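Below is a walk through one protein model, taken from its charge and ring contacts to its surface and domains. Keep the sequence at hand while reading.

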Amino acid sequence: MNLKQGIADISRALAKGEYSSVELTRAYLAQIEAQNAALNAYITVTPERALAQAEAADARRAKGETAPLLGVPLAHKDIFCTRGVRTSCASRMLDNFIAPYDATVVEKLDQAGMVTLGKTNMDEFAMGSSNESSWYGPVRNPWNHDMVPGGSSGGSAAAVAASLCPAATATDTGGSIRQPAAFCGLTGIKPTYGRISRWGMIAYASSLDQAGVLTRSAEDAALLLQAMAGFDPKDSTSADLPVPDYVAALAQPLKGLRIGLPKEHFATGLDAEVEQQIRAALAVFESLGATLVEVSLPNSHLSISAYYVIAPAEASANLSRYDGVRYGYRCDKPQDLEDLYKRSRSEGFGAEVKRRIMVGTYALSAGYYDAYYIKAQKVRRLVKEDFTRAFEQVDVIMGPTTPSTAFPLGSKSKDPVTMYLEDIYTIAVNLAGLPGMSIPAGFVKGLPVGLQIVGRDFDEARLLNVAHQFQLATDWHTRTPGTQA
Amino acid sequence: MAWETVIGLEVHVQLSTKSKLFSGSSTRFGAEPNTQANIYDLALPGTLPVLNAEAVRMAVRFGLAIGAEIGKKSVFDRKNYFYPDLPKGYQTSQLSFPTVGKGSLTITLDDGTTKTIGVTRAHIEEDAGKSLHEEFPDATGIDLNRAGTPLLEIVSEPEIRSAKEAVAYLKKLHSLITYLGISDGDMSQGSMRCDANVSVRKVGDPNFGTRTEIKNINSFRFVEKAILVEAQRQIDLIEDGGKVIQETRLYDADKNETRSMRTKEVANDYRYFPEPDLLPVIIDDAFIEEVRSTLPELPDVKAQRFQSQYGLSAYDANVLAAERATADYFEEVVKGSGDAKLSANWVMVDLQAVLNKNELTIEQSPVSAAALAGLIRRIKDNTISSKIAKTVFEAMVAGEGDADAIIEAKGLKQVTDVGAIEKIIDTVLANNPAQVEQYRAGQEKVFTFFVGQVMKESKGKANPAQVNEILKSKLAGN
């Protein structure tokens with residue numbers, strides 16, 4: 001049994017009866033048991049639940065069911081509510097929180113017959129780019145344990161990269177799927193805002209948060225997205241649009257594809273060796289019949305500033321519910337209401353979360369609202385317009401996912417602004433609400449490099465198709481830690 | 001120089017939707033604490049709001065009824081503050097783009113004059129839960145049943161100039177919302193709550209004085225008293241050389257005074273921003289016209305019709321049209337009795353007295369509209385006199401049956417037989433020769449004595465008109 005397989009391969013093997021879901025689940029659980037301590041990729045492992053789901057899946061298959069995801073294991077980022085299982089968001093605040101309901105994403109994948117192995121580590125409340133802000137400790141990069149796996153979905157990325165699961169759900173508010181995908185050599189997709197329901201996904205910045213997946217290949221991502229996407233009456237911001245057949249779209253040849261290269265993403269700050277890998281990947285696309293066109297995103301340099309007003313502003317309100325009154329962390333022996341609020345929140349939240357709550361509160365406060373929040377919203381519109389103009393000339397936009405490869409643990413955690421700059425290429429995509437992907441595109445000094453692909457609104461099928469065609473022509477995505485020389 | 005009071009009212013009306021503004025929980029009043037709070041109402045992580053379309057429809061109904069502009073695009077905002085009965089740590093409300101814009105209400109004062117009061121806006125928002133301080137020593141109980149109940153906050157222009165006008169405005173609002181069926185308007189259950197902004201100035205002064213806000217006044221009577229006492233407090237303060245401070249005050253009905261609330265409230269910065277979990281509400285003309293087509297006949301129009309159709313006075317028409325239930329009752333009585341003026345009198349005077357005495361609403365009336373119409377028919381066809389009718393009505397209120405049954409059982413049928421009346425009159429005249437002499441000598445006042453005697457002899461059943469006629473004729477010596 002090959003635990004380094006992805007979803008699509010497992011699906012085929014289960015269909016052929018090469019092994020049962022229970023056997024496969026046991027194997028993954030054993031792998032987690034053996035390796036999780038070193039990586040800290042999982043916060044909670046749910047063996048009993050996993051085996052019960054696997055047994056049910058095997059029983060359904062025995063009755064003749066053939067759904068593609070039936071009996072396939074995965075892990076959920078600990079930001080998705082899972083009924084009866086601790087859902088902590090990697091925060092002390094929710095360390096004791098057992099969700100009484102399932103997120104729509106969890107419910108849909110359960111219904112598809114998938115097996116949940118556990119809940120993965122992350123930056124606290126998805127705030128971070130290195131997975132160092134977790135209450136449960138940092139996650140290590142399976143390619144090099146001294147390096148960060150990226151964040152905030154670092155646990156999901158490390159778990160897939162180390163074969164502690166074949167795929168994992170994740171979320172992306174400013175790059176939290178694409179950056180860990182790049183750092184861990186995985187395929188990661190953040191769909192268009194509204195493509196996947198946010199019901200049951202713990203909010204960080206509501207207008208930017210979007211669920212997606214970390215997988216071994218674009219084909220795997222297509223299979224999962226097929227089950228996850230679609231309108232949800234429980235999420236008013238989810239898009240009421242039909243979901244195309246992502247798997248069927250994979251096969252389309254790339255001849256005539258116009259690829260836009262934002263000149264701002266190939267400028268100062270980009271590591272030369274990373275750029276070399278990206279240019280080589282772009283040459284592959286040319287060989288597949290695509291043409292490269294330089295485009296400009298003139299306002300993209302404003303994205304980080306705008307993001308760090310809008311996201312903290314929304315977060316400051318979203319995290320107000322954690323007050324020690326109804327659930328979650330409550331300080332010991334509160335003297336009065338104010339003491340209850342103050343101590344529960346200052347003891348329950350970590351430093352980065354508190355920093356963003358304070359920044360957001362400040363940005364929304366009387367006298368500053370226009371200068372910060374309104375201004376940031378204007379920048380957001382300009383950023384979106386940049387993309388709209390670019391997409392008049394090209395079908396997809398490509399560039400590096402990150403300026404450099406994974407950095408050492410602790411190297412940026414003392415300096416928030418340097419850390420925020422990690423998301424320089426990814427954040428504008430969230431502000432614009434567009435779908436974005438990162439796929440493996442080579443290595444620099446033994447660490448993976450990610451190529452970012454950005455598409456038009458709701459054009460996930462095209463992104464997956466482009467990524468899949470690249471993966472048919474290359475083998476970067478098949479490399480796993482230990483096998484890469 | 002005389003003082004003038006300037007009042008603006010903010011009225012919170014609980015919309016009578018079945019479920020909450022953003023969740024499927026029931027809005028029923030009086031359930032066990034926290035039995036009507038689901039995971040959204042508890043603000044569990046990951047939950048999201050879904051707007052109750054019925055609440056928007058109700059707000060639009062109200063907007064159309066006051067001739068207001070309807071916001072084609074209304075936006076919900078988060079109003080941020082910490083309080084234990086506010087589970088999310090923010091209230092979802094509408095700040096810059098309310099569903100209902102500028103409109104107006106016409107009020108009728110006691111002297112019959114009317115005045116138009118501008119309505120600045122009406123916005124949709126969710127209610128908070130309740131904090132229960134008394135039942136728990138050293139702790140506070142939280143009941144979230146009410147949290148998320150839809151409210152329409154109706155804000156008036158500062159165009160109200162007296163406590164009486166304020167009450168008339170509130171009564172008009174109450175009339176409208178119950179007519180529209182968007183709220184039960186029950187102030188005792190908090191379905192209608194009033195905050196009053198009060199300031200005073202010298203008559204003729206173009207500038208407003210510093211205002212205070214009196215929070216959560218829960219009856220029409222208290223609104224009047226609170227405004228009166230607060231205005232007087234401000235006048236006394238200024239006349240003594242003091243200054244009014246802008247603050248929130250509470251009205252204490254027991255002591256009939258207002259007093260300052262914690263000034264901390266004033267320092268709150270609510271940090272409003274658009275609610276990112278909800279899309280803007282887009283309302284198109286087709287929707288507005290569809291809602292308009294379902295509006296009932298509103299009180300002003302109905303009062304006009306009562307005047308023209310039934311020949312009622314403006315006063316009677318306004319009183320009867322003010323509440324939908326009363327108007328419906330009245331029209332049913334008219335339909336059954338065929339006499340609008342008698343119906344109006346019976347509903348406004350006799351029935352109203354019974355309802356007031358027993359603290360009943362007209363829906364709880366012990367006498368149905370059909371039964372009252374039956375009684376009026378018997379007055380009209382001379383079966384009973386108006387006076388006997390009061391006796392019959394009392395028996396009806398006591399539950400002794402319908403008018404016909406009571407008249408029959410008690411033998412109250414009016415005597416209209418000329419021979420029988422003549423016989424009684426003859427007896428009365430025979431028994432009172434002295435009075436007959438006086439009358440014939442020109443003392444016509446004695447006539448009423450004879451009438452009284454005849455009625456007494458007939459136990460009130462003789463037809464008064466016939467008694468008058470025959471008596472006059474006999475006394476004239478015919």
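In chain B, B:Lys472 lies over the face of B:Phe447, at 5.7 Å from the ring centre. A charge is said to sit over a ring if NZ of Lys or CZ of Arg is within 6 Å of the ring centre and within 35 degrees of the ring normal. Chain A has such a contact in A:Lys412, whose charged end sits over the ring of A:Phe407, 4.5 Å from the centre.

The model is predicted, with local features needing pLDDT of at least 70 and side-chain atom pairs counting only at pLDDT 80 or more, while totals for chains, interfaces and linings use all residues. Residues are numbered from 1 along each chain as its sequence is written, chains are lettered from A and ligands numbered from 1 in the order in which they are written, and side-chain values use heavy atoms, with hydrogens and water left out.

Next come the pairs of rings. A pair of aromatic rings is described by the distance of the centres and the angle of the planes. Over all chains, 29 aromatic pairs are found. The rings of A:Phe387 and A:Phe391 have centres 6.5 Å apart and planes at 25°, so this pair is stacked. Rings of Phe, Tyr and Trp (its six-membered ring) pair if their centres lie within 6.5 Å, and planes under 30 degrees apart count as stacked, over 60 as edge-to-face and the rest as tilted. A:Phe387 is buried at 4% relative accessibility, and A:Phe391 is buried at 7%. Here buried means under 20% relative accessible area, exposed over 50%, and partly exposed in between (1.4 Å probe, protein chains only). Elsewhere in chain A, ring pairs link A:Phe97, A:Phe125, A:Tyr322, A:Tyr327 and A:Phe349 into a cluster.

Salt bridges are the next topic. The structure holds 55 of them over all chains, each being a side-chain nitrogen of Lys or Arg within 4 Å of a carboxyl oxygen of Asp or Glu. One of them joins A:Lys342 to A:Glu338, with the closest N and O atoms 3.4 Å apart. These two residues are separated by about one helical turn because they are 4 residues apart in helix H11 (residues 337-348) of chain A. Helices (H or I, at least four residues) and strands (E, at least two) are DSSP runs, numbered from the N terminus. A:Lys342 is exposed at 54% relative accessibility, whereas A:Glu338 is partly exposed at 42%.

In helix H12 of chain A, A:Arg356 and A:Glu352 are also 4 residues apart, about one turn of the helix. Their closest N and O atoms are 2.8 Å apart in a salt bridge, and both residues are buried.

In chain B, B:Lys380 bridges to B:Asp339 at 3.6 Å between the closest N and O atoms. B:Lys380 lies in helix H9 (residues 369-380) and B:Asp339 in the loop between helix H7 (324-337) and helix H8 (340-358), so the pair ties together parts 41 residues apart in sequence. A network of salt bridges links A:Arg198, A:Asp235, B:Arg78, B:Glu275 and B:Asp277.

Finally, the domains of chain B. Its assignment, automatic or from a database, gives domain 1 (3-289), domain 2 (297-410) and domain 3 (418-475). The C-alpha centres of domain 2 and domain 3 lie 33 Å apart.
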